[in-house]
Amino acid sequence: MGYVDWEFAKTTGRKLVAAGPAVTHEEAVAEVEAIRAAAAAAREPVAETARLRTPDDAPDALVVDRATWIAVNADSMSAMLDPTFEEIIAKRGGGESATPNATVAAVGAKVTGAEAGALLAFMASKVLGQYDLAPGGKPALMLVAPNIIDVASTLGVDRADFRAWVCMHEETHRA
């Protein structure tokens, strides 16, 4: 058992995060397609401006909902933090005195999982996009559709222009 129950973090995050703005199925499908198109269109202007190119074999951007963003980030956090926790315990000497009993470890993992899930739920409603380095996995450019819709609406800006800006910003991180 790890020090953080990452599956519990995902479950907690999914339960706590709001779904996002109310849109019809047709509006959601159209927005996802528009975000994908904006992400593809952002590659060339970013490459010309930054003089850095995303590799040709880089996957297309993933357009995700908040729950998916939480799951991807919990997996990334696990890949980064679990080895660090193990190293800290090993440096402390490991052994019996450094390892809590199974019940204490299970409760502690749930508590830290709940804390991580709550934090991820909060962040999932704020993040517009992210280039996830995906330690142990394949890096991915993610764009959070409900947040892009919500922020564009809140700011009262043209949705197409806002999409383009978000996609160029995130493509710059990837490049």
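Modeller: A helix is a DSSP run of H or I with at least four residues, and helices are numbered from the N terminus. Keep that in mind as we go. This model is predicted.

Colleague: How do I read a pocket? Which helix gives the most to the lining of the largest pocket?

Modeller: Start with the general idea. Rolling a probe the size of a water molecule over the atoms shows where empty space is left. Now the case here. Helix H2 gives the most to the lining of the largest pocket, namely four residues. H2 spans 25-50. Strand E1 (62-64) and helix H6 (145-155) also supply at least two residues each.

Colleague: What is the volume of the largest pocket? And which residues lie nearest its centre?

Modeller: The volume is about 240 Å³. The lining has 15 residues. Nearest the centre lie Val-23, Ala-28, Ala-145, Pro-146 and Ile-149.

Colleague: How many residues of each class are in that lining?

Modeller: Ten are nonpolar, three are polar and two are charged.

Colleague: Next, strands. Why is strand E3 largely enclosed by the rest of the structure?

Modeller: Look at accessibility. Buried means under 20% relative accessible area. E3 covers residues 140-144, and five of its five residues are buried, so the strand is largely enclosed by the rest of the structure. Check the two directions as well. Ala-140, Met-142 and Val-144 point one way, while Leu-141 and Leu-143 point the other way.

Colleague: Which strands pair with E3, and are they parallel or antiparallel?

Modeller: Count bridges for each partner. E1 runs parallel to E3, with three bridges joining them. Val-64 has Val-144 in E3 as its bridge partner. Strand E2 (residues 129-132) is antiparallel to E3, over four bridges. Gln-130 stands opposite Met-142 in E3.

Colleague: Last, aromatic rings. How many aromatic pairs are there?

Modeller: Ring centres must lie within 6.5 Å for a pair. The count comes to two aromatic pairs. One of them joins Tyr-3 and Phe-85, whose ring centres are 6.2 Å apart.

Colleague: Why is the pair of Tyr-3 and Phe-85 called edge-to-face?

Modeller: Read the angle between the planes. Over 60 degrees counts as edge-to-face. Here the planes are at 75 degrees, so the pair of Tyr-3 and Phe-85 is edge-to-face.

Colleague: Where do the two residues lie?

Modeller: Tyr-3 lies in the segment before helix H1 (6-16), and Phe-85 lies in helix H3 (residues 66-91). The pair therefore ties together parts that are 82 residues apart in sequence.

Colleague: What is the relative accessibility of Tyr-3, and what is that of Phe-85?

Modeller: Tyr-3 is at 29% and counts as partly exposed. Phe-85, at 24%, is partly exposed too.

Note on methods: Residues are numbered from 1 along each chain as its sequence is written. This is a predicted model: local features need pLDDT of at least 70, side-chain atom pairs count only at pLDDT 80 or more; totals for chains, interfaces and linings use all residues. Side-chain values use heavy atoms; hydrogens and water are left out. Rings of Phe, Tyr and Trp (its six-membered ring) pair if their centres lie within 6.5 Å; planes under 30 degrees apart count as stacked, over 60 as edge-to-face and the rest as tilted. Buried means under 20% relative accessible area, exposed over 50%, partly exposed in between (1.4 Å probe, protein chains only). On a 1 Å grid over the protein atoms alone, a cavity is a set of points where a 1.4 Å probe fits but cannot get out, and a pocket is an open set with protein on both sides within 12 Å along at least five of seven lines; lining residues have an atom within 4 Å of a point. Grid points are joined across faces, edges and corners, and a volume is the space filled by probe spheres set on the points. Ala, Val, Leu, Ile, Met, Phe, Trp, Tyr, Cys and Pro count as nonpolar, Asp, Glu, Lys and Arg as charged, and the others, Gly among them, as polar. Two strands pair if DSSP finds at least two bridges between them.
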